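Have a look at the model first, then read on.

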Amino acid sequence: MKEKIEIIQGDITKQKVDAIVNAANTSLLGGGGVDGAIHRAAGPELLEETRKIGGCPTGEARVSKGYRLPARWVIHTVGPVWRGGRSRERELLASCYKNSLKAAVEIGAKTIAFPSISTGAYGFPLEEATEIALRETGKFLASDSNLEKVVFVCFGDQVTGVYRKLFSRFFPTGP
Ligand code: ADP
């Protein structure tokens, strides 16, 4: 199962996977960070489609086409804004991963790439967010055999370091 998980450092808009996940906001009308990068790379048709979708509640996911991206689909999920940890932030972030993985299976995607949801502008502590990402993905892959590869695309050295450290803790190698 851990063989299906890959951690890379790079730009999610360049990933040649079936679906990339966007850390969107509830309006689905684009924004900064990874959301802005995805909209710029996909082209204006993406905004036309997400405008029609009409928004997405925190913790849920919506699917659009990928337009000019190498990925065929974009799964838009809305992470929680960190408000100190007592506003169901952990549960909502776990839902983002679960619902995005479920959406990928529903559209027949075999390969999917995630950014580090909520850890930029939304302020979710990186280590805790990474634990949630790895735990939910591990659980999902253990119970569903449709997905072949889940890529965590880390933007910058800090995110990459945390993902690699926690990955080896979650999925230890050797006897
Ligand atoms: P949020 O609002 O959910 O916190 P952000 O886009 O602000 O979303 O940040 C989420 C993560 O995405 C951060 O780790 C940020 O560095 C990262 N990121 C920004 N641009 C890209 C990109 N092109 N590819 C992958 N990750 C990116």
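H1 gives the lining of the largest pocket its largest share, four residues. Keep in mind that this is a predicted model, where local features need pLDDT of at least 70, side-chain atom pairs count only at pLDDT 80 or more, and totals for chains, interfaces and linings use all residues. Residues are numbered from 1 along each chain as its sequence is written, and side-chain values use heavy atoms, with hydrogens and water left out.

**Pocket**
- The largest pocket has a volume of about 610 Å³. A pocket here is an open set of points on a 1 Å grid over the protein atoms alone, where a 1.4 Å probe fits, with protein on both sides within 12 Å along at least five of seven lines. The volume is the space filled by probe spheres set on the points.
- There are 28 lining residues, and Ala23, Gly33, Val34, Ser116 and Gly120 lie nearest the centre; lining means having an atom within 4 Å of a point.
- Strand S2 (19-24), helix H1 (33-42), strand S6 (149-154) and helix H5 (157-170) each bring at least two residues to that lining. Helices (H or I, at least four residues) and strands (E, at least two) are DSSP runs, numbered from the N terminus.
- By class, the lining splits into 14 nonpolar, twelve polar and two charged residues, with Gly counted among the polar ones.

**Sheet**
- Six strands make an open, mixed sheet in the order S1-S6-S5-S2-S4-S3; strands pair if DSSP finds at least two bridges between them.
- S1 (5-9) and S3 (61-65) are the edge strands with a single partner each, so one side of each has no neighbour in the sheet.
- From one strand to the next, the twist averages 25°.
- S3 pairs with S4 (residues 73-78) in the antiparallel sense over five bridges, and serine 64 has valine 74 in S4 as its bridge partner.

**Helix packing**
- H2 (residues 44-53) packs on the sheet and touches S3 and S4, its direction making about 145° with that of S3. Contact means heavy atoms within 4.5 Å, and angles run from 0 to 180 degrees between N-to-C directions.
- H1 and H2 pack at about 115°, axes 6 Å apart. Ile38, His39 and Ala42 of H1 meet Glu45, Leu46, Leu47 and Thr50 of H2.

**Salt bridges**
- The structure holds nine salt bridges, each a side-chain nitrogen of Lys or Arg within 4 Å of a carboxyl oxygen of Asp or Glu.
- In one of them, glutamate 45 joins arginine 68, with the closest N and O atoms 3.5 Å apart. Glutamate 45 sits in H2 and arginine 68 in the loop between S3 and S4, so the pair ties together parts 23 residues apart in sequence.
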